[in-house]
Amino acid sequence: MDQTLQERLHLVLEQQRAAFRAEMAPSREVRLDRLERVRRMTAQHSEALVKAISADFGHRARQETLLADIFTVESGARHAQKHLRDWMRPRRQPTALHFQPARNLLMRQPLGVVGVVAPWNYPYYLALGPAVGALAAGNRVMIKPSELTPRTGELMAAMVAEFFAPEEMTVVNGEAELARAFTALPFDHLCFTGSTAVGRIVAQAAAQNLTPVTLELGGKSPALVDRSCDLKLTASRIAHGKLFNAGQTCVAPDYLLVPKDMVEPLVQEIRGAMRRLYPKIAGNPDYTHIATPRHLARLRGLLDDARAKGAKIIPSHEEKTVGRGLVPQLLLGVNEQMTVMQEEIFGPLLPIVPYVEVDHALAYINRHDKPLALYWFGRDAAMREHVLSQTQAGGVTVNDCIWHLGQEEQPFGGVGASGMGAYHGEFGFRSFSKEKPVFHQSRWAGTRLFFPPYGKTFDRLLGLLKKIA
Ligand code: NAD
């Protein structure tokens with residue numbers, strides 16, 4: 001590895017660590033001001049962000065950036081500001097009878113320097129979102145954007161340098177070598193958002209330093225359609241969840257599980273819904289492009305592979321793909337030998353898997369990696385509870401897609417192959433804090449009765465303790 005690159009990164013980390021040591025308990029005012037600067041920075045540069053992200057993608061719908069990259073960061077920072085006083089407060093914990101009159105307090109303390117590694121698909125939100133939690137918790141932050149969004153990465157570096165001292169928060173950009181050097185740094189916590197494959201490598205790099213990690217990964221998130229659902233509503237919400245950001249969303253519904261006899265009508269409804277959302281694909285400013293030619297080629301490869309293995313492919317629109325505005329495609333007759341049913345799709349392709357018994361659908365889900373998200377559509381409450389209790393997933397939206405991600409009052413994170421740890425709101429604050437238990441002993445503590453020399457008193461007290469504890 002390039003020695004100077006490694007040294008340069010170490011220097012930045014050491015600078016932040018020194019600044020942290022000089023102020024290990026930043027006040028609420030200091031943290032509020034940092035969060036305020038995140039808000040001001042985001043508002044001030046929102047137009048530039050819209051342009052940079054669009055340029056990086058080839059085209060990204062302006063409204064998608066305003067909602068998913070800008071509003072999310074602003075509202076996350078505002079939520080943290082509003083709740084900071086409560087989050088910072090030490091928690092009084094119960095004290096067992098035999099330890100009274102001592103007191104237990106749980107102190108929430110910043111960890112130090114938090115590293116944030118972001119992917120390309122929501123390049124601002126997935127960099128600044130974790131940073132908001134880390135700053136609220138009183139940490140210093142180093143951010144590494146994806147090399148696939150270079151314009152956004154450069155803009156973020158300039159914006160952050162304008163609003164923050166480098167020892168408070170900084171952005172470092174670079175190629176694959178920098179990514180490896182960054183994740184090898186001895187951070188006090190590392191928050192990585194990206195693919196499961198790279199997540200494994202990052203976890204190993206962090207393990208060398210015993211750096212705790214939050215891994216926000218991906219996977220194949222199923223949408224399970226129950227026969228009790230409202231078909232039209234279900235179709236329009238699935239179409240929206242699948243085509244927002246052209247399917248390049250970690251929590252996009254990857255594939256559908258549908259009662260066999262409902263497949264035909266649902267396909268018609270979804271195609272109709274997709275055409276209503278996007279009357280045309282080519283040149284439609286609302287429809288986001290596939291981020292790079294390589295990603296487009298991968299998606300075309302998934303289609304070719306599925307077609308060659310017998311899938312029926314139904315386009316949503318009667319038009320050809322122009323450039324990287326990929327026309328959405330529904331896939332029927334898929335099987336597990338097809339790559340499209342093995343890899344996370346991350347694009348506007350929607351395989352539909354029929355089921356006869358719902359327990360077969362659940363068995364299918366449970367045979368595969370635990371997904372980041374699971375969607376259930378229906379009105380039968382008993383069935384809903386059955387599905388919720390018999391599946392595992394990072395998070396669930398019932399009767400819609402994606403929106404559980406927007407909940408600041410709930411933890412967001414994966415399970416198993418879709419990740420570990422969580423953030424958002426107070427859950428992020430806690431992930432980026434050490435919750436330090438402090439036991440305040442009383443002057444009148446009875447514990448001295450347990451001191452040696454041991455004898456009858458000790459035996460009697462231990463006997464008593466066994467009865468009351
Ligand atoms: P990726 O794993 O290819 O890259 C993510 C980040 O890791 C980038 O910053 C990249 O530079 C860096 N990286 C790449 N190789 C590395 C290495 N060897 N060592 C250290 N860092 C390395 O992911 P991507 O293609 O940018 O994003 C898409 C994936 O991210 C999808 O799987 C998606 O589901 C997932 N994702 C998850 C969430 C979530 O919140 N759980 C959100 C968005 C995306």
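Analyst: First, a polar contact is a pair of N or O atoms within 3.5 Å; within protein, one must be able to donate a hydrogen and the other to accept it, and residues adjacent in sequence count only if both atoms are side-chain atoms. This is a predicted model, with local features needing pLDDT of at least 70, side-chain atom pairs counting only at pLDDT 80 or more, and totals for chains, interfaces and linings using all residues. Residues are numbered from 1 along each chain as its sequence is written, and side-chain values use heavy atoms, leaving out hydrogens and water.
User: What about the side chain of Lys 144?
Analyst: An N or O atom there is 3.0 Å from an oxygen atom of the ligand.
User: How many residues surround the ligand?
Analyst: 28, with Ala 118, Glu 147, Ser 195, Leu 217 and Glu 344 the closest; the cut-off is a heavy atom within 4 Å.
User: And which domains does the shell draw on?
Analyst: At least three residues come from each of domain 1 (3-217 + 419-435) and domain 2 (222-413); the bounds come from an automatic or database domain assignment.
User: Switching topic, how do β10 and β11 pair?
Analyst: Strand β10 (residues 312-315) runs antiparallel to β11 over four bridges, with Ile 313 opposite Leu 331. Strands are DSSP runs (E, at least two residues), numbered from the N terminus, and pairing takes at least two DSSP bridges.
User: And β12?
Analyst: β11 pairs with β12 (residues 349-355) in the parallel sense over three bridges, and there Leu 331 stands opposite Pro 351.
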